[in-house]
Amino acid sequence: AAADLVCPPWKTFLHVTVPRSLPGIVAGSLLCFIPIMGEFVIPDLLGSSATLMIGQTLWTEFFSNRDWPVAAALAVVLLAILIAPIVLYQRREARALEQR
């Protein structure tokens, strides 16, 4: 229909395809984001872990440094980082269901 109305393909993609696939894009992003946040083994296995990740720092504070207060604070920060997108996604989906 868009081609019949002389709409360029990029505009059709932007205004038709992306909005229809946005829930899948958001869900897929969350499905990748949540496990990645806690991943700390892979950087150590693949080579040098010069880049610190929050999961790796959490592991170090709990088991190597035995600094329980810092590790607990890092765990709460990690939990907040993970819960925020999930809550936003749930609210967005609830609004979408109400509109139907």
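What you're looking at is a predicted model, where local features need pLDDT of at least 70, side-chain atom pairs count only at pLDDT 80 or more, and totals for chains, interfaces and linings use all residues. Residues are numbered from 1 along each chain as its sequence is written, and side-chain values use heavy atoms, with hydrogens and water left out.

**Overall fold**
- The chain has four helices and zero strands (DSSP runs, H or I of at least four residues for helices and E of at least two for strands, numbered from the N terminus).
- Going along the sequence, that reads α-α-α-α.

**Burial and surface**
- Of the 100 residues in the chain, 11% are buried (under 20% relative accessible area, with a 1.4 Å probe and protein chains only).
- The chain's accessible surface is about 7,700 Å², and 70% of that belongs to carbon and sulfur atoms (Shrake-Rupley method, 1.4 Å probe).

**Helices α3 and α4**
- Helix α3 (residues 54-64) packs with helix α4 (residues 68-99) at an angle of about 155 degrees, their axes 8 Å apart (axes are lines fitted to C-alpha atoms over the stretch in contact, and angles run from 0 to 180 degrees between N-to-C directions).
- That makes α3 roughly antiparallel to α4 (an angle over 145 degrees).
- On the α3 side, Ile54, Thr57, Leu58, Glu61 and Phe62 meet residues of α4, including Trp68, Leu74 and Ile81 (contact means heavy atoms within 4.5 Å).

**Contacts along the chain**
- Among contacts between residues at least 6 apart in sequence, 42% join residues at least 24 apart.

Definitions and conventions. Parallel < 35°, antiparallel > 145°, perpendicular 65-115°, else oblique. Buried < 20%, exposed > 50% of the residue type's maximum accessible area, 1.4 Å probe, protein only.
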